[in-house]
Amino acid sequence: IKRSKNKNDLDYLDGYHCARPTWGVSVSSCVVIDVSADVSLSGGTPRCPSNKLLNGMHRVACDTLDCIDKFECCSFIATDGSLVVQSVKNSEDWSSCMGVMQETWCNAPDNQFVVGLSIASRSPANNDIRSIFGALTTKVYFIPYPTPAPPIPDTSPPPTLAPTTSSPVTLPPGTLAPLTAAPVTNSPVTLAPPTQAPFTSSPATLVPVTLPPATLAPPTAAPSTPFPVTSPPVTLAPGTVAPATQAPFTSSPTTLVPATSSPPTLAPVTIPPATIAPPTAAPLT
């Protein structure tokens with residue numbers, strides 16, 4: 001972690017060296033943890049959980065050391081599937097680089113990674129980066145996934161079960177009374193025949209219908225006009241019969257006599273009442 005000169009405010013922590021193991025690893029998972037209690041004026045050792053390395057620090061909008069409130073911690077996994085785990089943490093002394101107002105780097109040992117800080121207890125007047133007096137660092141190494149062993153075949157013989165035998169039990173005569181069962185008698189069930197009230201129908205009464213007599217108007221015909229018949233005059237020789245003459249044809253008008261009809265008379269129809277015999281049922285046995 002790099003600090004600048006001139007002041008000890010948190011603003012002067014202004015650089016980091018970032019690294020990872022060289023054996024082909026990738027970030028597996030990251031978590032953000034709260035470290036505000038360990039960065040308070042009472043001091044402490046804010047650190048990442050087991051098998052995770054420090055990946056970043058978060059600060060709130062102020063300049064004192066206790067403005068650091070969170071760490072981001074990440075775990076790694078090798079490309080061949082091996083787990084990357086930590087060895088025992090070491091404490092590195094950073095008092096000589098953080099305690100002076102000069103531009104300098106506070107480093108971890110070779111092949112080790114920072115996982116936490118050591119912060120001293122302090123007064124409000126000394127609540128600055130000079131109170132970071134050390135770092136927690138660690139080495140990492142791989143644990144390969146074990147190759148599962150092939151299953152061991154079961155060569156034991158199958159279990160043999162001995163047959164189970166039992167001796168017959170002989171009882172002296174007259175020991176047990178024979179079991180007797182009373183005969184089961186079923187009483188016949190008598191069902192009363194269903195009854196039905198006789199069906200009675202009243203005779204239908206027909207009301208005679210009276211039709212008014214039909215009135216026919218006498219037909220009228222226009223009087224006929226005689227049609228005159230004319231014929232050319234006949235000239236006869238002297239001494240012959242005089243020509244016949246024809247009287248004009250006259251037709252009389254036709255007089256129609258109106259027809260009268262009597263209203264029809266309907267005789268009432270009487271329907272005898274229907275008689276239904278009640279159903280009978282044979283008794284159920």
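Trainee: In which sense do strand β9 and β10 pair, and over how many bridges?

Mentor: Two strands pair if DSSP finds at least two bridges between them. Strands are DSSP runs of E, at least two residues, numbered from the N terminus. Here β9 (residues 113-119) and β10 pair in the antiparallel sense over 6 bridges. I119 has I132 as its bridge partner in β10. Strand β7 (residues 90-93) also runs antiparallel to β10, joined by 4 bridges. There, D93 stands opposite G134.

Trainee: What should I know about the model before reading on?

Mentor: It is a predicted model: local features need pLDDT of at least 70, side-chain atom pairs count only at pLDDT 80 or more, and totals for chains, interfaces and linings use all residues. Residues are numbered from 1 along each chain as its sequence is written, and side-chain values use heavy atoms, leaving out hydrogens and water.

Trainee: How many residues of β10 are buried?

Mentor: Buried means under 20% relative accessible area, exposed over 50%, partly exposed in between (1.4 Å probe, protein chains only). In β10 (residues 132-138), 6 of 7 residues are buried.

Trainee: How many disulfides are there?

Mentor: A disulfide is a pair of cysteine sulfur atoms within 2.5 Å. The count is 4. One of them joins C48 to C73, S to S 2.0 Å. C48 lies in the loop between β3 (25-34) and β4 (53-59), and C73 in strand β5 (residues 68-78), 25 residues apart.

Trainee: Why is the link of C48 and C73 called left-handed?

Mentor: Its S-S torsion is about -80°, so the disulfide is left-handed. For C97 and C106 the torsion is about 130°, so that disulfide is right-handed.
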